[in-house]
Amino acid sequence: MAEEVKSLAELNEVASGTDAAAMAEAEAPREPVRDEFGRSYATGRRKDATARVWIKPGSGRVVVNGKEMAVYFARPVQQLILRQPFQVAGVEDQFDVMCTVKGGGLSGQAGAVKHGISRALQLYDPALRPALKAAGFLTRDSRVVERKKYGRRKARRSFQFSKR
């Protein structure tokens, strides 16, 4: 019995030692992730939309699928969504963004580009991560359209009941 208690104590010490090592590793400063052109890449997703985003230092130009942001996202609300990560991080007009986005509608695509910009910013400069994380921009919005079920008109809507 005493041997079992002693071995359990030893196991706890070993386990706490590995936890301490993991904690020290987790607290280690993150390194910037950039390619040979000085860009950071990230993928953003929302609903059915997927955005591939590259950021590099520049004048604040945003190009989406080969078009300027104001042309591709004509609604001011969508343009505001794209600017949010830069405003929260305090780096407005300091980065150029080039992205390709597929799937979904314009609203989902704007959210996907925002998610991709946020992830690319925190990869480019890890010091921006706390501000972006606190604003919730690094979390993928996992809500997707529910599938249609058989025997129903839509995902949940039933056919109209007829008594006769």
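I started at Arg-143, which is exposed at 58% relative accessibility. For my own reference, exposed means over 50% relative accessible area, buried means under 20%, and partly exposed lies in between (1.4 Å probe, protein chains only).

A note on what I am looking at: this is a predicted model, where local features need pLDDT of at least 70 and side-chain atom pairs count only at pLDDT 80 or more, while totals for chains, interfaces and linings use all residues. Residues are numbered from 1 along each chain as its sequence is written, and side-chain values use heavy atoms, with hydrogens and water left out.

**Entry: the partner of Arg-143**

Which residue does Arg-143 meet in a salt bridge? I found Asp-141, with 2.9 Å from N to O. I count a salt bridge when a side-chain nitrogen of Lys or Arg is within 4 Å of a carboxyl oxygen of Asp or Glu. Asp-141 is partly exposed, at 23% relative accessibility. I also noted that Arg-46 joins Asp-141 and Arg-143 in a network of salt bridges.

**Entry: other salt bridges**

I looked up the total, and the structure holds six salt bridges. One of them pairs Glu-146 with Arg-156, whose closest N and O atoms are 3.0 Å apart. Both residues lie in the segment after helix H5 (129–134), so this pair ties together parts that are 10 residues apart in sequence. Glu-146 is partly exposed at 37% relative accessibility, whereas Arg-156 is exposed with a relative accessible area of 63%.

Next I turned to Arg-39, whose side chain meets that of Asp-35 in a salt bridge of 3.0 Å, N to O. I find Arg-39 partly exposed at 26% relative accessibility, and Asp-35 is partly exposed too, with a relative accessible area of 27%.

**Entry: the chain as a whole**

How many helices and strands does the protein chain have? I get five helices and five strands. Here helices (H or I, at least four residues) and strands (E, at least two) are DSSP runs, numbered from the N terminus. Along the sequence I read the pattern α-β-β-β-β-α-α-β-α-α.

I then checked burial: of the 164 residues in the protein chain, 29% are buried. The chain exposes about 11300 Å², and carbon and sulfur atoms supply 54% of that area. These accessible areas come from the Shrake-Rupley method with a 1.4 Å probe; for residues, only the protein chains shown count as cover.

Last, I looked at contacts, meaning heavy atoms within 4.5 Å. Among those with a separation of 6 or more, residues 24 or more positions apart account for 67%.
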